[in-house]
Amino acid sequence: MLKKRIIPCLDIQNGRTVKGVNFVEIKDAGDPIELAKRYVIEGADELVFLDITATIENRKTLIYLVKNIAAEINIPFTVGGGINSIEDVKSIINAGADKVSVNSSAIKKPELITQIATEFGSQCVVVAIDTKFTDGEWVVYSHGGRTKTDLKTINWSKTVEDSGAGEILLTSMNNDGTKSGFAIDITNDVSKKVNIPVIASGGAGSQEHFKEVFQKTETTAALAASVFHYGEIPIPKLKQYLKENNIPVR
Amino acid sequence: MIAIIKYNAGNISSVQNAFNRLGVESIITDNHEEILSADRIIFPGVGEASFAMRHLKANGLDALIQNCTKPFLGICLGLQLMCENSEEGDVECLKIFNTKVKKFPKNEKVPHMGWNDFKNVDGLLFNGIEATSNMYYVHSYFAEVCENTVATCDYILPFSAAMQKDNFFATQFHPEKSAEEGERLLKNFLEL
């Protein structure tokens, strides 16, 4: 049976992880590779690295980091943040990333999704959608959640699927950082609407929240950052809990 | 020395990285002499089948592969190209395995993406690997089960997770991305 995936997300700035981590064994908490290796040992199913500065000066640092991650990590990983062109995609994929995640640039020019899918295959393209419940409906925000767009989340999800996306990373801005659980309603609507895998993101605060999102929606993966970084939810314990609740995990 | 056949755009360095982690030397090449002089050959692949077949033919790699006598391992699209034909781009393939490649019906999410176990496993590649082991898959097309199938996986329907015929081996999943279990399979291939 296909397993539900648990995906830690690492925020990267100047080649280092930001936000603290409390794994005592890791000597240098800022080293994304050390943290990534720890997550692999713990049973993470994939990793997402998000370059949160994503300036041109930082690109070389990021490419160097991606090469080092690819050399060390034996599970799939996605790299996102500031990817604006097919050239950006090429340099990241050629450095060894399995997938790239695009967000604002896909909103600006949806043909970028098709371009990446044609050149590298749909499986390479994760479209990240930041969504917020605003004036009675779920709408898409761009530029790291700073800019409201005219796009309705459900329609945009269908558009990215039709454009060739292999996967959708859906983050509810209402839930992100609240630790009150994933946004079940929009995650369910999107995962029912599209036939590609959907990764739920934003709001994870307890093991029960992971169970809930897998039981109540068709999402095939769940992503979180701080609850993993700070050791609030150890991945092996989470997986054991999900198994006990008949949710298939690796 | 292991030759990793270069025949398409995309990320094939991940296979080389996996062998580096195992401490085994490899080269990514489309040079016939280099491929033929290697002890083992890897035929990786992420991409579109008809495009890949055109590229193989243009470089004479189709005949080289068909006539290969060394231990040979196809991965993902590599496995599919080793079949008779593929619905992806409606293309005739290398005809090493006696089966066809079809598109998944959309009863479930497609691509089949993530970790999945086996219905059954058999053969040398799976020494020490149980049917309960999980491997990482990402694909929208599958090879039908046939007499060359040595492992089956179930997603929407049972399909060939791995195949073997003489010196030719192939996996639909990505051993290079399948953590320890995947490394175990690559080690098994190196020990053949």
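**View 1. Helix α6 of chain B lies across part of a sheet in this predicted model.** Helix α6 covers residues 179–190 of chain B.

**View 2. Eight strands of chain B line up in an open sheet.** Reading across, the order is β2-β1-β3-β4-β14-β13-β12-β9, and the pairing is mixed. At the edges stand β2 (26–29) and β9 (120–121) of chain B; each has a single partner strand, so one side of each is left without a neighbour in the sheet. Helix α1 (residues 13–21) of chain B also packs here, touching β1 (2–5), β2, β3 (40–43) and β4 (72–75) of chain B. The direction of α1 makes about 170° with that of β2(B).

**View 3. Strands β12 and β13 of chain B pair in the antiparallel sense.** Here β12 (residues 149–155) meets β13 (residues 157–165) over 6 bridges. To find your bearings, look for B:Cys153, which stands opposite B:Phe159 in β13(B).

**View 4. Strand β10 of chain B is covered on both faces.** In β10 (residues 135–139), 5 of the 5 residues are buried. B:Met135, B:Tyr137 and B:His139 lie on one side, with B:Tyr136 and B:Val138 on the other. In a regular strand, side chains alternate between the two faces of the sheet. Strand β8 (residues 112–116) of chain B pairs with β10(B) in the antiparallel sense over 5 bridges, and B:His112 stands opposite B:His139.

**View 5. A sheet of 4 strands in chain B is open, with mixed pairing.** Its order is β6-β5-β7-β11. Strand β5 (residues 85–86) pairs with β6(B) in the antiparallel sense over 2 bridges, where B:Ser86 stands opposite B:Val91.

Methods: Residues are numbered from 1 along each chain as its sequence is written. Chains are lettered from A and ligands numbered from 1 in the order in which they are written. This is a predicted model: local features need pLDDT of at least 70, side-chain atom pairs count only at pLDDT 80 or more; totals for chains, interfaces and linings use all residues. Side-chain values use heavy atoms; hydrogens and water are left out. Two strands pair if DSSP finds at least two bridges between them. Buried means under 20% relative accessible area, exposed over 50%, partly exposed in between (1.4 Å probe, protein chains only). Contact means heavy atoms within 4.5 Å. Axes are lines fitted to C-alpha atoms, for helices over the stretch in contact, and angles run from 0 to 180 degrees between N-to-C directions.
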